[in-house]
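Let's take a walk through this structure together. Keep the sequence and the 3D view open as you read, and follow along one piece at a time.

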Amino acid sequence: MTDAHIIERLRRIGWRGDALPAEGRQLARVVAQHRAGYELHDGEHLFGAQPAGHFLKRSLDPAERPAVGDFVEIEPGKPPHIVKVQARRTVLSRAAAGERYERQIIATNIDYVLVLTGLDGDFNPSRIERYLSLTEGSGAQPVVLLSKLDTRDDVDALLATLRGRLPPGTPIHAINGKEPASVAVLLPYLQPGDSAVLVGSSGAGKSTLTNTLLGTERMATGAVRNHDSRGRHTTTYRALLQLPSGGCLIDTPGMRELKLTGEENLDLFADIDALAEQCRFADCGHGSEPGCAVQAALDSGELSAERWRNYLKLRDEREEQASTLEAKLRRQRGGRPATKPHGHRHSRDRE
Ligand SMILES: Nc1nc2c(ncn2[C@@H]2O[C@H](COP(=O)(O)OP(=O)(O)OP(=O)(O)O)[C@@H](O)[C@H]2O)c(=O)[nH]1
Ligand SMILES: [Mg+2]
Ligand SMILES: [Zn+2]
């Protein structure tokens, strides 16, 4: 098989590179990860693989292990072994729930993060803002999707509220995830070479939408509870699927907790930062200080109380996670001063 043929095949699963790995190694994409190993696809075939020993070392940051969406180099064998993860174009991650700080990868090498919320009891603008904050650090574009359009008729008002809250220009689409004609608005994000990941609570309709885009009932779906619209965690693992439109889509299990990693910049709330700079006192606590621009905006209704509260919550969480992350990096560096993950390195920190 010629290199051109191999590259053409890899393009089908979203590969953007141009240099194939060294002789004897093959390239494939991680489409699923199970306890027993990985499922890979090379553009033509689906096959199983195991991680090489160095990925299993306890000292290794779990974020460096192969994850769904990765392009990996494999060496033949029975089973084949993943020996290297290619540099990631984009990474969507969250912090693991619990005490210990750990970054968990949701998906890699994706162009779009499709944030799906049901227009039933699942609808919650603060949660959408949380997803968008996590997306900011990923390098991928967020797209806000509202499913179950067919279940209510006051959607225009909800859409207007959301448009008023999210940064101008954020794409928002309301869809019926069961209706092919309705989900066709997503095709521009799912063209050959594109990769997208679907995220949202259990029961939001991620697998229903995935099946409609696929044209087959590939993923299991489950009814939500009547009283609170919550799902039953039907999907249990992330799966990357090739769509008839040529793009790749990653369906994910509904997430119970979405903790920030500390690497977000909260650009989503840049307007609030700008507002706070107009307060009379530089150290304004935005309480009852005279000349507080934030209080004035809250009083006039220009800033909603709910959005302000969500901003404070996300900002505090981001700060706390950022200092935990910094302490962790400092420990890893043997007590030397830590550099910010995205910051510039000082010369004294160089190894
Ligand atoms: N009426 C209507 N029902 C929908 C729509 N989208 C999903 N549903 C229903 O919502 C329920 C949950 O859908 P799923 O696709 O299983 O939800 P999920 O997001 O994959 O949930 P998890 O896998 O648990 O994370 C199912 O009963 C679907 O039939 C929609 O657009 N309209
Ligand atoms: Mg599902
Ligand atoms: Zn103020």
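Start with strand S11, where both faces are covered: Ser195, Val197 and Val199 are buried on one side, and Ala196 and Leu198 are buried on the other. Here "buried" means that 20 or more other C-beta atoms lie within 10 Å of the residue's own; with 12 or fewer a residue is exposed, and in between it is partly exposed, the C-beta atoms being placed from the backbone. Strands (E, at least two residues) and helices (H or I, at least four residues) are DSSP runs, numbered from the N terminus. S11 covers residues 195-199, and because five of its five residues are buried, the strand is largely enclosed by the rest of the structure.

A quick word on what you're looking at: this is a predicted model, in which local features need pLDDT of at least 70 and side-chain atom pairs count only at pLDDT 80 or more, while totals for chains, interfaces and linings use all residues. Residues are numbered from 1 along each chain as its sequence is written, and chains are lettered from A and ligands numbered from 1 in the order in which they are written.

So what sits beside S11? Strand S8 (residues 112-118) pairs with S11 in the parallel sense over four bridges; two strands count as paired if DSSP finds at least two bridges between them. Along that pairing, valine 115 has valine 199 of S11 as its bridge partner, and valine 113 stands opposite valine 197. Strand S13 (residues 248-251) also pairs with S11 in the parallel sense, over three bridges. There, valine 197 has isoleucine 250 of S13 as its bridge partner.

Now zoom out to the whole sheet. It is an open sheet of six strands with mixed pairing, in the order S10-S9-S8-S11-S13-S12. Strand S10 (172-174) and strand S12 (239-242) are the edge strands, each pairing on one side only. On average, neighbouring strands of this sheet are turned by 25 degrees against each other, direction ignored. For angles like this, axes are lines fitted to C-alpha atoms (for helices, over the stretch in contact), and angles run from 0 to 180 degrees between N-to-C directions.

Helices come next. Helix H2 (residues 125-136) packs on the sheet and touches S8, strand S9 (141-147) and S11, with a direction about 170 degrees from that of S8. Touching is a matter of contact: two residues are in contact if their C-beta atoms, placed from the backbone, lie within 7 Å. Helix H5 lies across S8, S9, S11, S12 and S13, and runs at about 155 degrees to S13.

H5 also leads us to the ligand. Spanning residues 206-214, H5 gives the most to the shell around ligand 1, with three residues. Which residues come nearest to ligand 1? Of the 25 around it, they are Gly205, Ser207, Thr221, Thr235 and Gly254; a residue is near a molecule if its C-beta atom, placed from the backbone, lies within 6 Å of it. The shell divides into four nonpolar, 17 polar and four charged residues. In that count, Ala, Val, Leu, Ile, Met, Phe, Trp, Tyr, Cys and Pro are nonpolar, Asp, Glu, Lys and Arg are charged, and the others, Gly among them, are polar.

An unreviewed UniProt entry places the feature "domain: CP-type G" at residues 99-258. UniProt positions are given in the numbering used here, feature names are shortened, and annotations may be inferred rather than shown by experiment. Over residues 99-258 the chain is 22% helix and 22% strand, with its end C-alpha atoms 14 Å apart.

There is a barrel to find as well. Five strands close into it in the order S1-S2-S3-S5-S4, with mixed pairing. Neighbouring strands here are turned by 55 degrees against each other on average, direction ignored. Strand S1 (residues 26-34) and strand S4 (residues 71-75) run antiparallel, joined by four bridges.

Finally, look at the cysteines. The unreviewed UniProt entry has a "binding site" annotation covering Cys279, Cys284, His286 and Cys292. Cysteine 284 is in the loop between helix H6 (270-276) and helix H7 (293-300), and cysteine 292 is in the loop between H6 and H7. Is cysteine 292 buried or exposed? Cysteine 292 counts as buried because it has 21 C-beta neighbours inside 10 Å, whereas cysteine 284, with 18, counts as partly exposed. Not counting residues up to four places away in sequence, cysteine 292 touches Cys279, Cys284 and His286.
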